[in-house]
Amino acid sequence: MLTYPIAGKTVFITGAAGGIGAATARTLHSRGANVVLADRGIDATSALARDLGGDRTLTLSVDVTDSAALADAVDRTVHRFGGLDVVFANAGIAADPPAAIATIDPAMFERVVEVDLLGVWRTVRAALPHVIAARGHVLVTASVYAYFNGMTNAPYAMSKAGVEQFGRALRAELGIHGASAGVLYPGWVHTPIAGAAFGSNDITTRMREIAFPSLLGKAIAPTRVADAVVRGIENRSARVMVPRRWVPISALRGVLNPVTDLIAERHPELRRLLRRLEESAGPTGKSPQTDTPR
């Protein structure tokens, strides 16, 4: 028996224009939820809303770095549906191309942290009074990078580690209100944010193949993540790990992390590839970079 059936609930989703967010919106809608599609990409979310049908959807143009815009989006959600039960803080970006800490554009580094970590905080903070009133659920998107070495992806990895701690603390605090929170830990997923590790950048593609051997380096479809997300919400799960092959890696992180860190530091081919990546960036802070959305 489900702890928290999603039918009839209102779910606010950031990063809803594609990937995990869009796939989750489709699954939630098919299960009878009202879905709020919040993203900067209004064209994509509007197209998704048309596919889903308008009765139980609301499309909002929202930048998660803007607290006022998020507060307004939550107000519009409550006005439309009469309340807000679940918030899925999922918006995220990564530097493209990936870069070492020594050569990344400082503005890009801070932009990733602004969206991936502080954007989660702002999203949850705007929605939290309504979620508490509804005794609902909060889900925040972290990553296996919350505990796996984040070389060439440091701003993303440090943000996801912060999101994990945020979600764990929030779950402990919401218990006294009858509400709950959970953390989503996707592995590799076929979304734009993973493109540099799957062919669009030959250096980081090869680095992934070395650092994530066998099944750990395989990407899954966003629909698999969406199914796990909905199960996690309906069971008020503290942790949603998908694919499940990452569960023992997380459980043993205290033992495995020193080993994987040593590999990252000393593996001869990884060192050669890292030097190539740094050289391709040019002068420190001058590499041509854009943010790649989830």
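At 1.5 Å a residue, the twelve residues of helix α1 should span 16 Å, and its end C-alpha atoms are 17 Å apart, which agrees. The expected span is 1.5 Å times one less than the number of residues. Helices (H or I, at least four residues) and strands (E, at least two) are DSSP runs, numbered from the N terminus.

This is a predicted model: local features need pLDDT of at least 70, side-chain atom pairs count only at pLDDT 80 or more, and totals for chains, interfaces and linings use all residues. Residues are numbered from 1 along each chain as its sequence is written, and side-chain values use heavy atoms, with hydrogens and water left out.

- Buried means under 20% relative accessible area, exposed means over 50%, and partly exposed is in between (1.4 Å probe, protein chains only).
- The buried residues of α1 are I20, G21, A22, A23, T24, A25, T27, L28 and H29.
- I20 sits in α1, which covers residues 19-30. I20 counts as buried because its relative accessibility is 3%.
- I20 and P222 are 202 residues apart along the chain, yet their C-alpha atoms are separated by 5.0 Å.
- Just after α1, G32 takes a positive phi of about 100°.

**α1 against α7**

- Helix α7 (residues 222-234) packs with α1 at an angle of about 55°, and their axes are 8 Å apart. That makes α1 oblique to α7. Angles under 35 degrees count as roughly parallel, over 145 as roughly antiparallel, 65 to 115 as roughly perpendicular, and the rest as oblique.
- Axes are lines fitted to C-alpha atoms, for helices over the stretch in contact, and angles run from 0 to 180 degrees between N-to-C directions.
- α1 passes α7 in a right-handed crossing. A crossing is left-handed if the near helix is turned anticlockwise from the far one by less than a right angle, and right-handed if clockwise.
- From α1, G19, I20, A23, T24, T27 and L28 meet P222, T223, V225, A226, D227, V229, V230 and I233 of α7. This contact divides into nine nonpolar, four polar and one charged residue.
- Contact means heavy atoms within 4.5 Å. Ala, Val, Leu, Ile, Met, Phe, Trp, Tyr, Cys and Pro count as nonpolar, Asp, Glu, Lys and Arg as charged, and the others, Gly among them, as polar.

**α10 and two partners**

- Helix α6 (residues 202-211) packs with α10 at about 160°, with axes 10 Å apart. The two helices are therefore roughly antiparallel. Their crossing is left-handed.
- On the α6 side, D202, I203, T204, R206, M207 and I210 make the contact; on the α10 side, E269, L270, L273, L274, R276 and L277 do. By class, seven residues are nonpolar, one is polar and four are charged.
- The axes of α9 (residues 253-266) and α10 (residues 268-281) come within 6 Å and cross at roughly 55°. α9 and α10 are therefore oblique.
- I263, A264, E265 and R266 of α9 meet P268, L270 and R271 of α10. Here the classes are four nonpolar, no polar and three charged residues.

**Helix α5**

- α5 (residues 154-174) has 21 residues and reaches 30 Å from its first C-alpha to its last, close to the expected 30 Å.
- Its buried residues include Y156, V163, E164, L170 and L174.
- Among the elements covering the buried residues of α5 are β5 (93-96), α4 (106-133), β6 (137-141), β7 (180-186) and α9.

- Most residues other than glycine have a negative phi, and most peptide bonds are trans.
- T152 is not a glycine, yet it has a positive phi of about 65°. T152 is in the loop between β6 and α5. T152 counts as buried because its relative accessibility is 14%.
- Leaving aside neighbours within four places in sequence, T152 is in contact with P98, A99, T204, M207, L274 and L277.
- R135 is not a glycine either, and its phi is positive, at about 50°. R135 is in the loop between α4 and β6. At 53% relative accessibility, R135 counts as exposed.
- D96 and P97 are joined by a cis peptide bond, with omega about 5°. P97 lies in the loop between β5 and α4.
- V242 and P243 are also joined by a cis peptide bond, with omega about 0°. P243 is in the loop between β8 (239-242) and α8 (247-251).
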